[in-house]
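Work through the exercises below with the sequence and the model open. Each task is followed by its solution in steps.

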Amino acid sequence: MIKNDLFLRALRGETVERPPVWMMRQAGRYLPDFMKLKEKYDFFTRCQTPELATEITVMPIDQIGPDAAILFSDILVIPQAMNIEVQMKPGVGPWLPNPIRSAADLDRVVVPDVADSLSYVMEAIDMTKDALANRVPLIGFAGSPWTILCYCVQGQGSKNFDKAKEFCFTQPEAAHELLQRITDTTIAYLHEKVKHGVNAVQVFDSWGGMLSPVDYQEFSWKYIQQIINSLRPVTEVLVFGKGCWFALNEMSKSGAAALGVDWTCSARNARYLSGGNITLQGNFDPSRLFSPPAMIKKMVKQMIDDFGKDKYIANLGHGILPNIPVENAQAFVDAVKEY
Ligand SMILES: Cc1c2[nH]c(c1CCC(=O)O)Cc1[nH]c(c(CCC(=O)O)c1C)Cc1[nH]c(c(CCC(=O)O)c1C)Cc1[nH]c(c(C)c1CCC(=O)O)C2
């Protein structure tokens with residue numbers, strides 16, 4: 001059905017002519033056409049207007065040519081649907097004016113009917129599926145419960161998410177209650193996305209690496225495992241844990257189809273830790289896209305040689321940076337296609 005199904009074949013561990021490639025945050029600020037839309041519409045208007053979300057999702061497919069599309073949206077639509085206000089402040093990033101800091105604060109946090117409260121995401125998926133016309137698969141996504149808790153408690157981005165960790169370690173019962181409500185919402189949300197036709201789902205645990213290996217099990221992994229258990233009967237699940245190399249072994253036994261790796265972990269180490277049999281995705285240093293195209297191409301070839309062409313999805317080790325020249329993003333994608 002999908003014309004270019006390289007991404008799905010790599011997820012299933014099948015032999016491929018070359019690895020598939022896409023870039024985390026590929027629908028974004030390095031594209032001049034995206035910047036034009038950004039001038040006209042604020043962030044959540046772009047997320048909540050299916051026509052705009054569709055246009056932005058398809059933009060990199062038409063202009064750069066990766067092997068998979070990822071829906072333009074944000075992980076923070078989940079707390080919004082749970083009745084936690086989230087704003088996107090220009091120059092600051094996510095801003096939550098009423099963060100969760102106590103058990104009492106949980107009184108206002110709901111597990112919503114996602115088909116209703118996040119209907120705009122589902123409309124965007126329907127519209128994007130039409131616009132893609134089966135050219136490439138569409139990836140749906142959500143933040144991990146821990147990563148969502150980080151924003152709900154901290155109230156904004158942070159270098160160490162100290163308030164989120166303090167909340168977990170001083171009020172563990174409230175923290176687990178919040179994590180479970182986020183998990184229940186996320187599971188329903190991802191199932192709804194699958195019903196609307198996404199071909200795989202990725203869980204972003206962007207701040208998993210803030211936790212020690214022991215705390216990671218208790219406050220993050222336990223909940224991601226619930227998501228995998230619930231979704232794997234209906235779709236392939238990818239898990240990207242930034243800074244979570246220490247959990248790769250456990251993750252490899254979880255039923256996830258693929259694991260994301262950031263650029264601080266070598267291919268050899270990632271293969272070793274994950275048991276050598278599961279599909280891995282990553283891990284080009286996003287800052288390396290500042291290098292000239294010829295250098296990018298050389299380094300991408302080396303990266304594929306290191307991971308191996310099979311059971312591998314070429315990607316960045318985290319989201320693309322806003323000020324990357326388009327030609328350099330293009331060189332990254334082309335280098336994989338030329339492999
Ligand atoms: C932590 C996180 C967030 N959002 C997301 C994560 C996990 C991935 C990661 O770790 O990078 C996930 C995300 N956010 C966005 C996507 C769209 C699809 C894609 O292209 O990958 C995805 C998959 C769009 C976006 N989400 C955001 C932008 C940039 C702001 C804008 O376009 O106005 C985009 C394109 C805003 C956002 N949203 C969030 C942050 C930290 C920011 C950046 C604020 C800033 O740098 O100004 C929360």
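Predicted model: local features only at pLDDT ≥ 70, side-chain atom pairs only at ≥ 80, totals over all residues.

**Exercise 1.** Which residues does Ala27 touch, not counting residues up to four places away in sequence?

Residues are numbered from 1 along each chain as its sequence is written.

Step 1. Apply the contact criterion: two residues are in contact if their C-beta atoms, placed from the backbone, lie within 7 Å.
Step 2. With sequence neighbours up to four places away left out, Ala27 touches Ile56, Thr57, Met59, Pro60, Ile70 and Phe72.
Step 3. Locate Ala27: the loop between helix H1 (6-11) and helix H2 (32-40) holds this residue. Helices (H or I, at least four residues) and strands (E, at least two) are DSSP runs, numbered from the N terminus.

**Exercise 2.** Are Ala27 and Asp74 buried or partly exposed?

Step 1. Recall the cut-offs: a residue is buried if 20 or more other C-beta atoms lie within 10 Å of its own, exposed if 12 or fewer, and partly exposed in between, with C-beta atoms placed from the backbone.
Step 2. Ala27 counts as buried because it has 22 C-beta neighbours inside 10 Å.
Step 3. Asp74 has 17 C-beta neighbours inside 10 Å, so it counts as partly exposed. Its place is the loop between strand S1 (69-70) and helix H5 (77-81).
Step 4. Check the record: the unreviewed UniProt entry places the feature "binding site" at positions that include Ala27 and Asp74. UniProt positions are given in the numbering used here, feature names are shortened, and annotations may be inferred rather than shown by experiment.

**Exercise 3.** Which residues come nearest to the ligand, and how is its shell made up by class?

Step 1. A residue is near a molecule if its C-beta atom, placed from the backbone, lies within 6 Å of it.
Step 2. There are 23 residues around the ligand, and Ala27, Gly93, Phe204, Ser206 and Gly319 come nearest. Strand S3 (93-95) and strand S4 (138-143) are the elements that give two or more residues to this shell.
Step 3. The shell has eleven nonpolar, eight polar and four charged residues. Here Ala, Val, Leu, Ile, Met, Phe, Trp, Tyr, Cys and Pro count as nonpolar, Asp, Glu, Lys and Arg as charged, and the others, Gly among them, as polar.

**Exercise 4.** How many residues of helix H8 are buried, and what follows H8?

Step 1. Helix H8 (residues 145-154) is mostly covered, with ten of its ten residues buried. Among them are Trp146, Leu149 and Tyr151.
Step 2. Gly155 follows H8 and has a positive phi, near 90 degrees.

**Exercise 5.** Where do Ala133 and Asn134 lie, and what is the phi of Ala133 and of Asn134?

Step 1. Ala133 lies in the loop between helix H7 (119-132) and S4, and Asn134 is also placed between H7 and S4.
Step 2. Phi is near 50 degrees for Ala133 and near 60 degrees for Asn134.
Step 3. Ala133 has 9 C-beta neighbours inside 10 Å and therefore counts as exposed. Asn134, with 14 other C-beta atoms within 10 Å, is partly exposed.
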